[in-house]
Protein chains: 2
Amino acid sequence: MKPVTEPRWLDERQARAWRGYRRMRALLDLQITRDLAADSGLSDADYDVLSNLSEVSPHRLRLTELAATMLWSKSRLSHHLTRMQQRGLVDREECPGDARGSMIVLTEAGLRAIEEAAPHHVESVRRNMIDLLTEEEIAALDTLSHRVVAHLSGEG
Amino acid sequence: MKPVTEPRWLDERQARAWRGYRRMRALLDLQITRDLAADSGLSDADYDVLSNLSEVSPHRLRLTELAATMLWSKSRLSHHLTRMQQRGLVDREECPGDARGSMIVLTEAGLRAIEEAAPHHVESVRRNMIDLLTEEEIAALDTLSHRVVAHLSGEG
DNA sequence: ACTCCTTTGTTGACATGTCACCAACATAGC
DNA sequence: GCTATGTTGGTGACATGTCAACAAAGGAGT
């Protein structure tokens, strides 16, 4: 009276693809983190924060907005920003029109950091992933990932 | 005298693919972690450890071996095993033939845990990823990921 | 204005991962 | 046997992430 339904195990190719994805994910992460640290002294998290801030017009965002964009919890972001603020990469400003709010601002040093880091980072991404793929594979990855993202964003 | 070479930025499709991959990675992780915790009370890390142990013949591995398979540092694994050991999922035994060594053994409870977790986990993997992809996309992901893994394993 | 509910960002306690270092041991070459 | 060197697993200090609780505002309905 236990087995609800026989589980639909993955077939060989699916299993290979899944394991490959997981392993690529792990190794790629390690390598890109290493490169980033060596080239720029930034962590992945630092780079993400700086990158998102530098991509908006007056280099500033509400904490909540930034957290939503990055798929981070507000708590995690707040903690991390405290550390980045101590290093002078970002700053907190009062939010006009909402006294609770906190505006996260890219500092001069932060801007310089991301501008110096970006070229190296792109090189790393190319070297370790993008340049290893064919046009078709890039297209497939594009389509496939956006479909999965849509699924995961849409429902729970 | 600054710019070494003009960085080879990603073109539009490459950038879309890269961002999509990153976002899929983040969301998929969150979802699978949530499902795993809800269905089995295990973390990703727990599942990985148990899964690797259950896949070898006498359900036991040297710590170093296990760490290498999982791409974890020995330190991380040692810490995590201490916690899992306190929960009764694994055990440490002396290693015959190498007095330094530590054999990591799957306990009865650990075996039961992974056996109960596996079907739910596969369902989650299917629902959130595999079943969303076409045959061709799975094939592409398989090929592509193994090429990247080979690159990252081969050299630094 | 007042109540009720939500949102915002922060904090502290705790879980987890990283790093540098260490003691115990194995192994090779002498 | 003995020494030099590398390996194994563990440890503590610290960096980072998670979670629940919180104070301070905002905002809707009346």
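**Figure 1. A:Arg60 and A:Glu93 meet in a salt bridge.** In this predicted model, the N-to-O distance between the two side chains is 2.6 Å. A:Arg60 lies in strand S1 (residues 60-62) of chain A and A:Glu93 in strand S2 (residues 90-94) of chain A, so the pair ties together parts that are 33 residues apart in sequence. A:Arg60 has 28% relative accessibility and counts as partly exposed. A:Glu93, at 36%, also counts as partly exposed.

**Figure 2. A salt bridge joins A:Arg8 and B:Glu123.** The closest N and O atoms are 3.5 Å apart. This pair crosses between chains. A:Arg8 sits in the segment before helix H1 (12-40) of chain A, while B:Glu123 belongs to helix H5 (residues 108-128) of chain B. A:Arg8 is partly exposed, at 42% relative accessibility. B:Glu123 is partly exposed too, with a relative accessible area of 30%. Both residues belong to a network of salt bridges that also includes B:Arg126 and B:Asp131. Over all chains, the structure holds 24 salt bridges. Why can such pairs form? Side chains of opposite charge can pair when their charged atoms come close.

**Figure 3. B:Arg22 forms a salt bridge with A:Asp48.** Here the closest N and O atoms are 3.7 Å apart. The pair crosses between chains, from helix H1 of chain B to helix H2 of chain A. B:Arg22 has a relative accessible area of 25% and is partly exposed. A:Asp48 counts as partly exposed, at 25% relative accessibility.

**Figure 4. Helix H2 (residues 44-54) of chain A is mostly covered.** Nine of its eleven residues are buried. Among them are A:Tyr47, A:Val49, A:Leu50 and A:Leu53. The buried set also includes A:Asp44 and A:Asp46. In chain A as a whole, 47% of the 156 residues count as buried.

**Figure 5. Four residues form a negative surface patch.** A:Asp11 and A:Glu12 come from chain A, and B:Glu135 and B:Glu136 from chain B. B:Glu135 is part of helix H6 (residues 135-154) of chain B. B:Glu135 counts as exposed because its relative accessibility is 62%, and the cut-off for exposed is over 50%.

**Figure 6. B:Asp39 and B:Glu116 have C-alpha atoms separated by 9.0 Å.** Along the chain, the two residues are 77 residues apart. B:Asp39 lies in helix H1 (residues 12-40) of chain B. At 39% relative accessibility, B:Asp39 is partly exposed.

Conventions:
Residues numbered from 1 in each chain as written. Chains lettered and ligands numbered in written order. Predicted model: local features only at pLDDT ≥ 70, side-chain atom pairs only at ≥ 80, totals over all residues. Heavy atoms only, no water. Patch = residues over 30% accessible without salt bridge, like charges linked within 9 Å, V, L, I, M, F, W, Y side chains within 5 Å. Areas by Shrake-Rupley, 256 points an atom, 1.4 Å probe, with all protein chains shown as cover. Lys, Arg positive; Asp, Glu negative; His and termini not counted. Charge placed at Lys NZ, Arg CZ, Asp CG, Glu CD. Helix = DSSP H or I, 4+ residues; strand = E, 2+ residues; numbered from the N terminus. Buried < 20%, exposed > 50% of the residue type's maximum accessible area, 1.4 Å probe, protein only.
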